[in-house]
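Let's walk through this structure together, one piece at a time. Keep the 3D view open and turn it as you read.

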Amino acid sequence: MFYWSLIIILLGIYSAYIFGKSRITSHSRQLEIKTASLPTYYAQYIMVWCLLPALIVYFGWIIFEDQIIQNLVLANFDFDLNPALNASLLISEIKNVALSDSFAEGKATEILNAAEHYASIKYVSSISFYLSILIVMILGVMFASRKLQPSFPAQQSIENYVKYFLFFCSSVAVLTTVGIVFSLLFESLRFFSDVSVFEFLFGTKWYPYIPIREGQSGSQGSFGAVPIFAGTFLIMIVAMCVATPIGLFTAIYLAEYASPRVRRIIKPLLEILAGVPTIVYGFFAFVTVAPFVKTFGQSLGIDASPTSALAAGLVMGIMIIPFISSLSDDVINSVPQSLREGSLGIGANKAETIKRVILPAALPGIVGAFLLGVSRAIGETMIVVVAAGTAPNLTANPFENVTTVTVQIVIALIGDQEFDDPRTLSAFALGLVLFVITLILNIFALRIVKKYRERYE
Amino acid sequence: MNNVKVSTKNVNVHYGTKQALHRVTLDINEKEVTALIGPSGCGKSTFLRCINRMNDLIDICKVDGSITVDNEEIISDEVDVVSLRSKIGMVFQKPNPFPKSIFDNVAYGPTIHGIVETKTDLEEIVHSSLKRAGLLKEVKDRLHEPGTSLSGGQQQRLCIARAIAVNPDIILMDEPCSALDPIATATIEELIDELKNKYTIVIVTHSMQQAARVSQRTGFFHLGELVETGETQKIFTNPENEKTQGYITGRFG
């Protein structure tokens, strides 16, 4: 039904456009007045006024139709008399019966009646849907066509509409963020009604299992997230220790030392590295790096587990290299050539110039690249799942199994879970913490960048 | 007559296949200001950048011929470019202070060359360089503010201070006043006049008045060739070459 309405809307705005254009042209010819704007702008004006009401009706209908029909159908049932009736079960049953006769067999008469009722309301609804779209489009065009006078500055209006449209687009991302925050917040609040905030933030034992029945043997669930944060932090540190120096030195080589030919080869290769799916890194870490780390640990006399924070961190560091090198390379390249010449002109050699002039000038961008890398490291899931294990160990030893926030979220949400189980809800609390941390990180990064901007520009 | 400080013979410069300079032969005297004038694209900046081997930075640029500084050949792979450049300071068209404090800008050269041993020596050099560049009075209370916070003319004098802090013999100036207003320009010109007592100065300029005001000798470039060279006064009053005559009287260029 909605495809047809889209076709109606498209045809509608097309004819509105044609109508507007011919109308204003004939109008100005009759009155022998030159129009204030080009005829196209009048046509666009009409088009906007045709499209907007149609879209409002369209989306309003999609959002509210189902609910309204359900209420109308369910109004026939008296829930007070029969408390066993579940409204949502009932309505899905009615819908099924209405859709297909095969469901109708052996159903109570009142259900069958309700299904018939449902089908008829649905039919009326779809007819009135098409009609109301048509009507609001015509009303919109009629309303707007009053302005089809040669003296009306249509271009300015269009300009304004464009502005509103752009504002709308830019607010989508912001509103989505706000929405995410609130959904995280509410689900987290549900979680914190079961588990105390204090236990979650400072408890050191993560054992997210709630006993199914009273007096069940085995331990009580425990939601201390410190091991998870510690694991995330540990892997992030390992990853950044790999990625920052290698990425930065790669960038310096590419920007300052590499010949154009070498640069042409290396840069795309690095960018390919950035495009490798993280799960592929994950099994590289598991199959190749983790055994190596184990052997290496044994050679040091440390008992390393087959999957370890070190293995995951090392590979994650490799994954982040292209982000840091590519961004830093751009930043270093954008340092003005005049600064290089100024330094070399004093008799500084290349290394001194890079160390004392180029890098300080590029620092804000490099810090930005670093923090982007950090947020990638914190948000990465697949490598950790595969290569670091899932055991929530509280340890600073990178040869041991650890787990991260994102991995625990995945674990909490897969499988058959009820949505009021604290184990499932813990995912939202963890997500909230992750969100807050990255937010703080970003604010921090922006402040650093701004501080240097003010000083150096 | 002063000693010859820089001597060039048959210098050719190619950018790829395009020849930018044709057999330029020019002597630059010690402790004098030599001005290089000529229309845009005539090769005067290219020539200037040959003297401190700055053209090395451009991959496609090839320099041949002979340039001697203090009778030592510098167009050769064996030359230590870094120490050559520490002897030859350069001031650029657009002021290019480093993103550092005023103090650190001037201290940069002395630090990397290890000229100074103690912090007091460094402060001494920074102060005297700023003073010689005529900037000390204006900035002495804010030496630790960024160099980029200064005005354009002050920035250019900071760059001059930065260049003379390593105590070079020669200062190359590539249109140092083209981004400045007339007042800042006048200050810089006075400064150049003063600096010539201690340094050999080569200045590329678009302004013939400036060349006439500050220089003792002038070279006129046209289409990659050094057309005429001689004492400034003679070039501007009684040039031998027709093209020079045309340029300085404003008939072309």
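## A guided look at chains A and B

Gly282(A) is buried, because 23 other C-beta atoms lie within 10 Å, and 20 or more is the cut-off for that label. Bear in mind that this is a predicted model. You will find Gly282(A) in helix 9 of chain A, which covers residues 278-299. Which residues does Gly282(A) touch, leaving aside its neighbours within four places in sequence? The contacts are Met382(A), Ile383(A), Val385(A), Val386(A) and Ala387(A). For a sense of scale, pick out Ile18(A) as well: 264 residues separate Ile18(A) from Gly282(A) along the chain, and their C-alpha atoms are 57 Å apart.

Now step back to chain A as a whole. Chain A is divided into domain 1 (2-152), domain 2 (156-194) and domain 3 (222-456). Between the centres of domain 1 and domain 2 of chain A, taken over C-alpha atoms, the distance is 25 Å.

Is Glu32(A) buried or exposed? Glu32(A) is exposed, because it has 7 other C-beta atoms within 10 Å, and the label applies at 12 or fewer. The backbone is worth a look here too. Most residues other than glycine have a negative phi. Glu32(A), however, has a positive phi, near 55°.

Next, turn to the place where the two chains meet. The contact takes 18 residues from chain A and 24 residues from chain B. On the side of chain A that touches chain B, helix 11 (337-346), helix 12 (350-379) and helix 15 (422-456) each supply at least two residues. Helix 11 of chain A gives the most, with seven residues. By type, the residues on this side of chain A are eight nonpolar, five polar and five charged.

Of the 253 residues of chain B, 47% count as buried. Among the contacts in chain B with a separation of 6 or more, 68% are between residues 24 or more positions apart.

In chain B, look for an open sheet of six strands in the order 6-7-8-3-9-10, with mixed pairing. Its edge strands are strand 6 (88-91) and strand 10 (225-231), each of which pairs on one side only. From one strand to the next, the twist averages 15°. Within this sheet, strand 7 (residues 170-174) and strand 8 (residues 200-204) of chain B pair in the parallel sense over five bridges. There, Leu172(B) stands opposite Val202(B) of strand 8.

Helix 1 of chain B packs on the sheet, touching strand 3 (33-37), strand 6, strand 7, strand 8 and strand 9 (217-222), and its direction makes about 150° with that of strand 8. Helix 6 (residues 152-164) of chain B also packs on the sheet, touching strand 6 and strand 7, with its direction at about 170° to that of strand 6. How many of the residues of helix 1 of chain B are buried? Eight of its eight residues are, across positions 44-51; among them are Phe47(B), Leu48(B) and Ile51(B), along with Lys44(B) and Arg49(B). Just after helix 1 of chain B, Arg53(B) takes a positive phi of about 60°.

Finally, find strand 1 (residues 4-15) of chain B, which runs antiparallel to strand 4 (residues 61-69) and is joined to strand 4 by eight bridges. Val6(B) has Val69(B) of strand 4 as its bridge partner. Strand 1 of chain B also holds Asn10(B), whose phi is positive, near 45°. Asn10(B) counts as partly exposed, because it has 13 C-beta neighbours inside 10 Å. Strand 4 of chain B pairs in turn with strand 5 (residues 72-73), antiparallel and over two bridges, where Thr68(B) has Glu73(B) as its bridge partner. This hairpin has two residues between the strands, and Asp70(B) takes a positive phi near 50° in it.

Conventions: Residues are numbered from 1 along each chain as its sequence is written. Chains are lettered from A and ligands numbered from 1 in the order in which they are written. This is a predicted model: local features need pLDDT of at least 70, side-chain atom pairs count only at pLDDT 80 or more; totals for chains, interfaces and linings use all residues. Helices (H or I, at least four residues) and strands (E, at least two) are DSSP runs, numbered from the N terminus. Two residues are in contact if their C-beta atoms, placed from the backbone, lie within 7 Å. Two strands pair if DSSP finds at least two bridges between them. Axes are lines fitted to C-alpha atoms, for helices over the stretch in contact, and angles run from 0 to 180 degrees between N-to-C directions. Ala, Val, Leu, Ile, Met, Phe, Trp, Tyr, Cys and Pro count as nonpolar, Asp, Glu, Lys and Arg as charged, and the others, Gly among them, as polar. Domain bounds come from an automatic or database domain assignment.
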